[in-house]
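Have the structure open as you read.

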Amino acid sequence: MTDKIDKGPADNPPAGPGASGTPYEAIKAIPVRHYGRWVSGVIVVALLGWLVYAFSQGNVIWATVGDKLFDPAVLSGLGNTVIISVSSMALGLVLGIVFAVMRLSKNPVTSAVSWLYIWFFRGTPVYVQLLVWFNLSLIFQYINLGPIYKNETVDVMTPFMVALLGLGLNEGAYMAEIVRAGIQSVDEGQTEAAHALGMPQTKTMRRIVLPQAMRVIIPPTGNEFINMLKTSSLVSAVQYTELLRASSNIGNTAGAIMEMLFVASFWYLALTSVFSVGQYYLERRYARGSTRNLPPTPFQRLRANLNMFRRTEVAR
């Protein structure tokens, strides 16, 4: 049996933050100065300034760029670019889901057909595919679907239809692989549990698998759509008047080729920027439930970068 030893005042310091009972003073912490960041920032700003100065001294009539920026023909081409991009992406998304399900099917025929579709449209350039659809009348004079529909190919394959088929079918091959990867990312136990509850295969895919796969599908799909906005400039080769063709027509007529190319570049940048922000918020929405903290919004990230240069006080 051990005796209890009483501790003296030296062994029992008084309660409280300090020996005298007074609180600690706030420590003024000075953050570490990263001089390399400032040096690299100055170098980048200097290079950007030099680039702006070089273009400002070039033989470019910037007043023409400003005057033609909102030209009705340019705005009409801009609208056609958005229409053909959204339509082609919608067609590609539908085809991607269908062929992804076919690719994952245990039926060897549907799986083989899906593989051939993906192999062909991913393996040939989209520009070549556009030209094939544009010159389809050289092979088939009529499009004959029996009692359903019959018409001359030149009347059916309008510039819009050629652009839609060329871009949409090509995009469907890429979307099929994206959707397939998203479906395979969902644990098979989810499907087994749904089947155990009596859900058919179609309902399981629509209500269980695809909603969970969207978290994996959305990011590359957004990137594909941004790429579609730029790839749509190729349809000018098949007489579809989109942004690039409308700008080029004005440039060739007015003798302002470079100026109109700058106008087209400005609108392409504006479109990709707007849709990139939409993609970010869509990804952020589907990230709920999969991460503890949602990624910061662009405004929150900007505020954090601004606060990085401020001195802060750390209290202990």
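## Ground rules

First, what counts as a pocket here: on a 1 Å grid over the protein atoms alone, a cavity is a set of points where a 1.4 Å probe fits but cannot get out, while a pocket is an open set with protein on both sides within 12 Å along at least five of seven lines, and lining residues have an atom within 4 Å of a point. Grid points are joined across faces, edges and corners, and a volume is the space filled by probe spheres set on the points. Rolling a probe the size of a water molecule over the atoms shows where empty space is left.

Keep in mind that this is a predicted model, so local features need pLDDT of at least 70 and side-chain atom pairs count only at pLDDT 80 or more, while totals for chains, interfaces and linings use all residues. Residues are numbered from 1 along each chain as its sequence is written, and side-chain values use heavy atoms, with hydrogens and water left out.

## The largest pocket

The largest pocket holds about 560 Å³ of space. Its lining is made up of 19 residues, and those nearest the centre are Leu-104, Ile-183, Thr-191, Gln-201 and Met-205.

H9 brings the largest share, six residues.

About 350 Å³ of space sits in the second largest pocket. Of the 18 residues that line it, Leu-93, Ile-218, Thr-221, Gly-222 and Leu-282 are nearest the centre. H3, H9 and helix H11 (257-286) are the elements that give two or more residues to this lining.

H9 gives the most here, with eight residues. By class, the lining of the second largest pocket comes to 14 nonpolar, four polar and no charged residues.

## Salt bridges

Side chains of opposite charge can pair when their charged atoms come close. How many salt bridges turn up in a search of the whole structure? The count is three, where a salt bridge is a side-chain nitrogen of Lys or Arg within 4 Å of a carboxyl oxygen of Asp or Glu. One of them pairs Asp-71 with Lys-68, with the closest N and O atoms 3.9 Å apart. Asp-71 is buried at 17% relative accessible area, and Lys-68 is partly exposed at 25%; buried means under 20% relative accessible area, exposed over 50%, and partly exposed in between (1.4 Å probe, protein chains only).

Glu-177 and Arg-103 also pair up, with 3.0 Å between the closest N and O atoms. This bridge links distant parts of the chain, as Glu-177 is in helix H7 and Arg-103 in helix H3, 74 residues apart. Glu-177 is buried at 16%, whereas Arg-103 is partly exposed at 23%. Glu-177 meets Arg-180 as well, at 2.9 Å from N to O. Both Arg-180 and Glu-177 lie in H7, three residues apart, or about one turn of the helix, and both are buried. Shared partners join Arg-103, Glu-177 and Arg-180 into one network.

## Residues to click on

Glu-224, in H9, is buried yet has no salt bridge, and the nearest side chain of opposite charge, Arg-122, is 8.9 Å away. For charge, Lys and Arg count as positive and Asp and Glu as negative; His and the chain ends are not counted. Leaving out residues up to four places away in sequence, Glu-224 touches Met-89, Glu-171, Tyr-174, Met-175 and Ile-178 (contact means heavy atoms within 4.5 Å).

Ser-85 sits in H3 and is buried, with a relative accessible area of 0%. With residues up to four places away in sequence again not counted, its contacts are Phe-225, Met-228, Leu-229 and Ser-232. Gln-239, in the loop between H9 and helix H10 (243-254), has a positive phi of about 70 degrees although it is not a glycine.

Methods. Helices (H or I, at least four residues) and strands (E, at least two) are DSSP runs, numbered from the N terminus. Ala, Val, Leu, Ile, Met, Phe, Trp, Tyr, Cys and Pro count as nonpolar, Asp, Glu, Lys and Arg as charged, and the others, Gly among them, as polar.
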